[in-house]
Amino acid sequence: MAAPPDCSLIATDLDGTLLRGDDTLSDRSLAALALAARAGARHLVVTGRPAPRVRPLLDDLGATGLAVCGQGAQVYDAGADRLLWSVTLDRELAETALGKIEAEVGELYAAVDQDGVDGLTLIEPGYLMPHPTLPAVRVERRDDLWVRPISKVLLRHPHLTDDELAATARSAVGSLATVTMSGPGTVELQPCGVTKATGLALAAEHLGLEPGRTVAFGDMPNDIPMFDWAAHGVAMANAHPELKAVADEVTTSNEDDGVAVVLERLFGGVEPYVPPHVLPRPRSGRVPR
């Protein structure tokens, strides 16, 4: 099923989607986004990274508009370097949620993203950053994680897989928090009800844009709400099976410029050969909008 030809909003995840594995943007991806911009489409980054960790990438994109950060907990204005909207995770609830999960799975290692445009990523002893290029500050005790308001908690377990940890966490925390899986080694707790879709909807409303003219790109289960909100969801070839199962289309991998492949088709670029296993395919039971 082809994406809407009158697409006016492009929503892209970063890690595993628009970015290559070394955290860089390819020249082809930049050119494809420029092609879409010349056609009048807006591009919104929609990422799990907090605003302070997104700023350098927005600079690379030449972006001065909005970005959705922190799994939807922040709408960031890059030009003004300020948050238009943010919601924090209650720290007492976060501690309670951690305790409930540890009661089920044993000791966890935790980190937090602090709220604000100058917020730090704090990691407790034993926690390993899934992206070693991202800056983090190691603290001595878990209590030190709660010194300032936070947007989310990041979890790792020494033995469980991400899928196992996420499933147990959802069962354990109930309505205390939203549990997401946003990448290898990245299971997160965020404010209840907050998803990429809630942040994207706020940013789109601010820009006067509609879900019916939105194409979204992603690679992990945390992108499912964004796909549900958008008219057309495109999963990367390297995407988690849960996301591929609900995608309207599967493109090539992030290493093979999968976002650019689709944008070139939509906005008049030369469409390269796409291997048969990643050709567009319909989503069962979904009616195109």
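Modeller: L44 is found in strand 2, where strands are DSSP runs of E with at least two residues and helices are runs of H or I with at least four, numbered from the N terminus. This is a predicted model, in which local features need pLDDT of at least 70, side-chain atom pairs count only at pLDDT 80 or more, and totals for chains, interfaces and linings use all residues. Residues are numbered from 1 along each chain as its sequence is written, and side-chain values use heavy atoms, with hydrogens and water left out.

Biologist: Why is L44 called buried?

Modeller: Buried means under 20% relative accessible area, exposed means over 50%, and partly exposed lies in between, using a 1.4 Å probe and protein chains only. L44 has a relative accessible area of 1%, so L44 is buried.

Biologist: Which residues does L44 touch, not counting those up to four places away in sequence?

Modeller: L44 touches L9, I10, A11, T12, L66, A67, L200, A203 and L207. A contact here means heavy atoms within 4.5 Å. As for N254, its C-alpha atom is separated from that of L44 by 17 Å, and the two residues are 210 apart along the chain.

Biologist: What makes K196 and D13 a salt bridge?

Modeller: The definition asks for a side-chain nitrogen of Lys or Arg within 4 Å of a carboxyl oxygen of Asp or Glu. For K196 and D13 the N to O distance is 2.9 Å, so the pair meets the definition. K196 is in helix 6 (residues 196-207), while D13 is in the loop between strand 1 (9-12) and helix 1 (14-18), 183 residues away. D13 and K196 are also linked with D223 in a network of salt bridges.

Biologist: Are K196 and D13 buried or exposed?

Modeller: K196 has 1% relative accessibility and therefore counts as buried. D13 has a relative accessible area of 5%, so D13 is buried too.

Biologist: How do you know that R49 forms a salt bridge with D23?

Modeller: The closest N and O atoms of R49 and D23 are 3.2 Å apart, so the pair passes the salt-bridge cut-off. R49 lies in the loop between strand 2 (42-46) and helix 3 (51-61), and D23 in the loop between helix 1 and helix 2 (27-38), so the pair ties together parts that are 26 residues apart in sequence. R49, at 7% relative accessibility, counts as buried, and D23 is buried with 17%.

Biologist: Why are E102 and R142 called partly exposed?

Modeller: E102 is at 24% relative accessibility and R142 at 21%, so both fall in the range between the buried and exposed cut-offs. E102 and R142 form a salt bridge, with the closest N and O atoms 3.1 Å apart. The pair links E102 in helix 4 (residues 91-105) to R142 in the loop between strand 8 (137-138) and strand 9 (150-156), 40 residues apart.

Biologist: How many salt bridges does a search of the whole structure find?

Modeller: The search finds 16 salt bridges.

Biologist: How do you know that the radius of gyration of the protein chain agrees with a compact globule?

Modeller: The radius is taken over C-alpha atoms, and the globule rule is 2.2 Å times the number of residues to the power 0.38. With 289 residues, the rule gives a radius near 19 Å; the protein chain has 18 Å, so the value agrees. Of those 289 residues, 54% count as buried.
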